[in-house]
Amino acid sequence: MDFEIHYTEEQEKFRKEVSAFIEENAYKEPVEDIDPMRVTPEMWNKGREIQRKLAAKGWFAAGYSKEYGGGGMDREHRAVLAEEFGRIRLEHRWPIGHAGGTEPDRIHTSGLMSFGTEEQKRRFAPKLFSAEWYGFQAFTEPDAGTDEASMKSTAIRDGDVYIVNGTKVFVGHIPPPLRPDYLYWPAVTDPTAPRHQNISAFWIPGDLPGITYTHLDLIAAEGPKWEVICEDVRCSADCLIGEENKGWLVTQATLAAEHGGGGVIVTRGSSLTTRVIDYCKKTLRNGKPISKDPVVQDTLVQLYIEDKVSRLWGVRNFAMAEGQIPRVRYTGTQTALHSRRHAPALGKALMDILGPHCLIDDPELRILMGTVEHQVRLADVNHIGGTCETQQIMMSRGLGLGRGTAAAARR
Ligand SMILES: Cc1cc2nc3c(=O)[nH]c(=O)nc-3n(C[C@H](O)[C@H](O)[C@H](O)COP(=O)(O)OP(=O)(O)OC[C@H]3O[C@@H](n4cnc5c(N)ncnc54)[C@H](O)[C@@H]3O)c2cc1C
C-alpha cells in the first residue's frame with residue numbers, strides 16, 4: 001500500500017502559498033536555543049501571534065468544522081500544511097515550535113469534541129481554534145501516573161459550582177511567569193463510587209482564586225513543566241465536560257489521542273536521524289569521515305530504519321483516523337510504544353557514534369545546534385502520556401491478548 005503523499009498541481013500551488021506565508025513570518029536565522037524548556041515569554045508570545053495569523057487563514061484548526069471556528073479543510077491540504085510546517089521547524093526558524101505546535105492540541109480537543117455539550121463546543125472550541133486560549137492537560141498526580149484512575153483530586157458539587165481540591169504534576173508547557181487560560185482537570189466527583197465510575201472531567205479557568213503554580217526544574221522535557229495545586233477552587237458547574245462520573249470516557253478519548261491515535265504527517269525531507277547521517281558523512285575523525293567506520297554505518301542504518309518506521313506509522317494512523325483505511329485498535333499504542341522504545345536507543349546510538357561530544361552544549365562546540373545534546377538528554381524522558389509498559393499492556397488488549405499473556409511473552 002502506498003502511504004506516500006503525492007501533490008496535484010493545485011496542491012503544489014497551495015504549498016507555494018503556505019511556503020510564502022512561512023517565509024514572511026519565520027525567523028530569518030535559526031533560533032539559537034532549541035531546548036523547549038528554555039523558551040522565553042517573548043518566544044512563546046511570538047509563536048502564539050503566528051498561530052493566530054494561521055487561524056485567521058483557516059490553517060490552524062484546519063481539519064475542524066467551520067461551524068466551531070475551524071478551517072474545514074480536506075486531508076490533502078492539511079498534509080501540505082503539515083509538511084511545510086515540519087520542514088521549517090527542522091530549520092529551527094519557526095517560532096510556533098516554542099508555542100505548542102501548528103494546530104490545537106488533540107489531547108485537549110478530543111475529549112471536548114467527543115463528549116462536550118453542543119453549548120460547550122460552541123463556547124470553548126472557537127477559543128482553541130483561533131489560538132486565543134491555551135491550556136494545561138492536568139492529569140498526572142504525585143500518586144497517580146500510570147494508574148490515572150487512582151487520582152486523589154476531588155470536585156464536590158455545591159449548588160452551581162464544584163469545589164476542586166488536588167495536586168497535578170509534570171503538566172503544561174508555558175514559560176514562567178505566563179499562566180494557562182484553563183486547566184483540563186479530571187477529579188473524583190463521587191468518593192463512594194467504584195474506580196472509573198467516580199471521575200468527572202473539567203475545564204477549569206486558569207485564573208480562579210485558590211490555584212497556585214510552581215515551575216518545575218527538570219533535566220529534560222518537551223516544554224516548561226509545572227506543579228498545579230487547587231485549594232477550594234470554586235469552578236462553575238457548566239465547566240464539567242461530559243456527564244458527571246463519566247469522566248473516565250473523556251479521559252480515554254484524550255489518552256487515545258495522546259498515544260498517536262490521530263496519526264501525524266511527518267516531513268519527508270529531514271529528521272534528526274537524516275541530519276546525523278549527513279553530519280557523519282561530512283565530519284572527519286582520524287582523517288576519515290565518521291561514516292566510513294563500519295560499526296557506525298551499521299548503527300546509522302538501524303536508526304534510519306527506525307526513523308522511517310516511525311514516519312510510516314504516523315502517516316498510516318493519520319490515514320486511518322481520516323477513514324481512508326479501516327481503523328485497527330492497537331495502532332495508536334503501537335506507534336507510541338515504538339517511539340518510546342526508540343528514544344533511549346537513539347540517545348545511546350548518538351553517544352556510541354559521537355562520544356562525549358554529544359554532551360556539550362557550548363554554542364561554539366555543540367553538534368547540529370545543540371539538537372544532538374538535547375536528544376541525548378531527552379532520551380530517557382520517554383514516559384510522557386504513558387510508559388513503554390503501559391503502551392505494551394494497551395497494545396496487547398488491542399490485539400485481544402490479556403495483560404497476563406503479554407507479561408508471559410516478555411519473559
Ligand atoms: C516530560 C514529561 C511531560 C509530561 N507532561 C504531562 C502533561 O502535560 N500532563 C500530564 O498530566 N502528565 C504529564 N506527564 C506525566 C506522565 O504522564 C507520567 O510521568 C506517566 O504517566 C508515568 O507516570 P509516573 O511518572 O507517575 O510513573 P509510575 O506510574 O510511578 O510508573 C513507574 C514505573 O512503573 C511502571 N508501571 C506502573 N504501573 C505498571 C503496571 N501496571 N504494569 C507494568 N508496569 C507498571 C511504569 O511503566 C514505570 O516504569 C509528563 C511526564 C514527563 C516526563
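The model in every view is predicted.

View 1. The ligand is surrounded by 19 residues, and the closest are Phe139, Thr140, Gly145, Thr146 and Thr387. By class, the shell holds seven nonpolar, nine polar and three charged residues. Strand 3 (161-171) supplies at least two of the shell residues, and so does helix 11 (388-398). Domain 2 (135-256) and domain 3 (260-410) each contribute at least three residues to the shell.

**View 2. Domain 1 and domain 2 where they touch.** The domain assignment of the protein chain gives domain 1 (9-103), domain 2 (135-256) and domain 3 (260-410). Between domain 1 and domain 2, the C-alpha centres lie 29 Å apart. Seven residues from domain 1 and ten residues from domain 2 take part in the contact. On the domain 1 side, the residues that touch domain 2 are five nonpolar and two polar, with no charged residues.

**View 3. Helix 5 (residues 118-129) and what covers its buried residues.** Helix 5 has twelve residues and reaches 16 Å from its first C-alpha to its last, close to the 16 Å expected at 1.5 Å a residue. Its buried residues are Lys121, Phe124, Ala125, Leu128 and Phe129. These residues lie on the same side of helix 5, because they cover an arc of only 125° around the axis. The cover over them includes helix 2 (41-57), helix 4 (106-115) and strand 5 (199-205).

View 4. Ala131 lies in the loop between helix 5 and strand 1 (135-137). Phi of Ala131 is near 60°, a positive value in a residue other than glycine. Most residues other than glycine have a negative phi. Ala131 counts as buried because 24 C-beta neighbours lie inside 10 Å, and the cut-off for buried is 20 or more.

**View 5. Phe170 in strand 3.** Phe170 also has a positive phi, of about 60°, although it is not a glycine. With 18 C-beta neighbours inside 10 Å, Phe170 counts as partly exposed.

**View 6. The cis peptide bond from Pro176 to Pro177.** Omega of this bond is near 5°. Most peptide bonds are trans. Pro177 is placed in the loop between strand 3 and strand 4 (182-188).

View 7. Leu300, Leu303, Trp313, Gly314, Val315, Asn317, Phe318 and Ala321 are the buried residues of helix 8. Helix 7 (272-282) and helix 9 (331-354) are among the elements that cover them. Just after helix 8, Gly323 takes a positive phi of about 80°.

**View 8. His374 in helix 10 (residues 371-378).** His374 is buried because 21 other C-beta atoms lie within 10 Å, where 20 or more are needed. Not counting residues up to four places away in sequence, His374 touches Ile34 and Asp35. Ala220 is 154 residues from His374 along the chain, and the C-alpha atoms of the two are separated by 7.9 Å.

Key
Residues numbered from 1 in each chain as written. Predicted model: local features only at pLDDT ≥ 70, side-chain atom pairs only at ≥ 80, totals over all residues. Near = placed C-beta within 6 Å. Helix = DSSP H or I, 4+ residues; strand = E, 2+ residues; numbered from the N terminus. Nonpolar A, V, L, I, M, F, W, Y, C, P; charged D, E, K, R; others polar. Domains from an automatic or database assignment. Buried ≥ 20, exposed ≤ 12 C-beta atoms within 10 Å, placed from the backbone. Contact = placed C-beta atoms within 7 Å. Expected span 1.5 Å × (residues − 1). Arc of directions from axis to C-beta.
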